[in-house]
Amino acid sequence: MYGKGSTPAPGTSTPVVRLAAFATAMEICDPALGAHAARVGANAEVTALRLGWDGEQLEALRLGAALHDVGKVNVRAEVLAKPGRLDDRELAEIRAHPVEGLWLIAGVASLRPALPYVLFHHERWDGHGYPTRRAGSAIPVEGRVLAVADAFDAMTSGRPYRRPLTADQAATEVDRCGGTQFDPEIVQAFLAALDAGEIVSGGAAVAA
Ligand SMILES: [Fe+2]
């Protein structure tokens, strides 16, 4: 009865099963990751709407935001949860999560639209980000949009070792980093959405 038609063979991992496995692994790895990803997705979407993105792009954005930190499932829990300063080895382990995420989803055709979000969300406009150190418009726009929403959520979320910034404080920081860390045009769209009351602030502790 298996092996014909659309019914997968026993033990076959369909895209939906894989997504469920990722979601479970991410939740175990850091219980705050799911809520963080949801807020980042919502904030990136209202920003993207102001940039004129269409339905298909927004659909990919939702998938990409949900999966952007999936590579953290391959980062040791004690490194993710470590309060305070990371040593060089721990920093390298954390900084591997975009590439780890790429390997996790690269083989699943239906998840491919998430790839630019997963791989490029820690790049910086000035070329000092990771993992590829691309700069400016050489960074896919998907990564540039998510970077702003991701950083705002990290700043406005509590950490075990520091209090969250207020939305106003985080907005000032996002504005200040336009042209260095972030694409200035995307910063303007994000701040316009914030002024219009469309941006949600962070929540409980989120790992770096
Ligand atoms: Fe990340």
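1. Ile-105 belongs to helix H6, which covers residues 97-105.

2. Is Ile-105 buried or exposed? There are 25 other C-beta atoms within 10 Å of Ile-105, and a residue with 20 or more such neighbours counts as buried, so Ile-105 is buried.

3. Turning to the packing of helices, the note takes H2 and H3 together. Helix H3 spans residues 55-67 and packs against H2 at an angle of about 155 degrees, the two axes being 8 Å apart. Because angles over 145 degrees are counted as roughly antiparallel, H2 and H3 are described as roughly antiparallel to each other. The crossing in which H2 passes H3 is right-handed.

4. On the H2 side, the contact with H3 is made by Ala-37, Val-40, Gly-41, Ala-44, Glu-45 and Ala-48, and on the H3 side by Gln-57, Leu-58, Leu-61, Arg-62, Ala-65 and Ala-66. Sorted by class, the residues of this contact between H2 and H3 comprise eight nonpolar, two polar and two charged.

5. H2, which runs over residues 33-50, also meets helix H10, made up of residues 184-195; the axes of H2 and H10 come within 8 Å and cross at roughly 110 degrees. Since an angle of 65 to 115 degrees is counted as roughly perpendicular, H2 and H10 are roughly perpendicular to each other. The crossing of H2 with H10 is right-handed.

6. Which residues make the contact of H2 with H10? From H2 come Val-46, Thr-47 and Arg-50, and from H10 come Ile-186, Ala-189, Phe-190, Ala-192 and Ala-193. In this contact of H2 with H10, six of the residues are nonpolar, one is polar and one is charged.

7. A word on confidence is in order for a reader new to the model. The chain has a mean pLDDT of 89, and 91% of its residues reach 70 or more. Over residues 1-5, however, the pLDDT is below 50, and this stretch has four contacts in the model beyond near neighbours in sequence. Where pLDDT is low, the predicted coordinates should not be read in detail.

Terms used. Residues are numbered from 1 along each chain as its sequence is written. This is a predicted model: local features need pLDDT of at least 70, side-chain atom pairs count only at pLDDT 80 or more; totals for chains, interfaces and linings use all residues. Axes are lines fitted to C-alpha atoms, for helices over the stretch in contact, and angles run from 0 to 180 degrees between N-to-C directions. Helices (H or I, at least four residues) and strands (E, at least two) are DSSP runs, numbered from the N terminus. Angles under 35 degrees count as roughly parallel, over 145 as roughly antiparallel, 65 to 115 as roughly perpendicular and the rest as oblique. A crossing is left-handed if the near helix is turned anticlockwise from the far one by less than a right angle, and right-handed if clockwise. Two residues are in contact if their C-beta atoms, placed from the backbone, lie within 7 Å. Ala, Val, Leu, Ile, Met, Phe, Trp, Tyr, Cys and Pro count as nonpolar, Asp, Glu, Lys and Arg as charged, and the others, Gly among them, as polar. pLDDT is the predictor's confidence in each residue, from 0 to 100. A residue is buried if 20 or more other C-beta atoms lie within 10 Å of its own, exposed if 12 or fewer, and partly exposed in between; C-beta atoms are placed from the backbone.
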